[in-house]
Amino acid sequence: MRQILELLERDAQLSHDTLATMTGIPVADVSAAVTAWEASGAIRRYKAVVDWDAVDGDSTAETVTAFIDVSLAPARGVGFDDVAERIARFPEVRSVYLVSGSQDLRCTVEGRTIRAVSDFVSQKLSTIDRVRATATHFVLKTYKRDGDSFATPDADHRLPVTP
């Protein structure tokens with residue numbers, strides 16, 4: 001059954017019939033499993049990975065993405081969970097991870113401008129109790145996201161083969 005989830009994670013548009021063919025599991029079992037995972041929250045949502053640089057349109061609609069490393073003072077009984085959950089509630093925050101290393105949390109934040117992201121860090125994030133320090137890293141270019149490469153594929157230079 002894990003194979004169904006792995007296939008859906010790679011391509012959420014696969015039909016239950018296609019999943020059944022690819023896994024060898026009966027269609028009824030695939031449908032029941034997917035419905036159960038959706039109801040339980042194991043499948044959170046279905047989404048598209050968009051290369052916004054490839055979309056023609058209004059350049060003012062661009063967003064700025066930053067990774068923000070956060071150092072925290074842990075609290076007895078809750079560790080970092082309460083602060084991480086509070087940070088995750090901000091609409092600017094796309095993801096929050098507890099990480100190993102010199103920092104405690106890594107957040108992905110999006111804003112309309114660099115100024116908007118820096119205002120978020122200085123006025124909202126750094127003022128939270130137990131936040132000791134932050135380090136902001138702005139994304140300059142995306143090469144790969146969610147397993148999808150944004151690089152332009154090289155032309156096929158192989159010679160044609162004829163019988």
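## Ala116 in helix α5

With a relative accessible area of 33%, Ala116 is partly exposed. This residue belongs to helix α5, in a structure that is a predicted model. Helix α5 covers residues 114-125.

Ala116 can also be placed relative to Ala88. The two residues are separated by 28 positions in sequence, and their C-alpha atoms lie 17 Å apart in space.

The backbone of Arg130 has a phi near 80°, which is a positive value in a residue other than glycine. For most residues other than glycine, phi is negative.

## Thr108 in strand β3

Strand β3 spans residues 105-111 and includes Thr108. Thr108 counts as buried because its relative accessibility is 13%, and the cut-off for buried is under 20%.

The side chain of Thr108 is joined to the side chain of Ser95 by a polar contact of 2.8 Å. Leaving aside residues up to four places away in sequence, Thr108 touches Thr65, Ala66 and Phe67, as well as Glu92, Val93, Arg94 and Ser95.

## Helices α1 and α2

Helix α1 is made of residues 2-10. Its axis and that of α2 come within 10 Å and cross at roughly 125°. That angle makes α1 oblique to α2. The crossing in which α1 passes α2 is right-handed.

On the α1 side, Gln3, Ile4, Leu7 and Leu8 take part in the contact, and they meet Leu19, Met22 and Thr23 in α2. Sorted by class, the residues of this contact are five nonpolar and two polar, with no charged ones.

## Helices α2 and α3

Residues 16-23 form helix α2, and residues 27-40 form helix α3. The axes of these two helices come within 8 Å, crossing at roughly 115°. Here α2 passes α3 in a right-handed crossing.

From α2, the contact involves His16, Asp17, Leu19, Ala20 and Thr23. From α3, the contributing residues are Val27, Val30, Ser31 and Val34. The contact of α2 with α3 has five nonpolar residues, three polar residues and one charged residue. Leu19 and Thr23 of α2, which take part here, also belong to the contact with α1.

## Helices α1 and α3

Helix α1 also meets α3. The axes of α1 and α3 come within 11 Å, with a crossing angle of roughly 70°. This makes α1 roughly perpendicular to α3. The passage of α1 by α3 is a right-handed crossing.

Ile4, Leu5 and Leu8 represent α1 in this contact, where they meet Val30, Val34 and Trp37 of α3. The class count is six nonpolar residues, no polar residues and no charged residues.

Conventions. Residues numbered from 1 in each chain as written. Heavy atoms only, no water. Helix = DSSP H or I, 4+ residues; strand = E, 2+ residues; numbered from the N terminus. Buried < 20%, exposed > 50% of the residue type's maximum accessible area, 1.4 Å probe, protein only. Polar contact = N/O pair within 3.5 Å; in protein donor to acceptor, adjacent residues only side chain to side chain. Contact = heavy atoms within 4.5 Å. Axes fitted to C-alpha atoms, helices over the stretch in contact; angles between N-to-C directions. Left-handed = near helix turned anticlockwise from the far one by under 90°. Nonpolar A, V, L, I, M, F, W, Y, C, P; charged D, E, K, R; others polar. Parallel < 35°, antiparallel > 145°, perpendicular 65-115°, else oblique.
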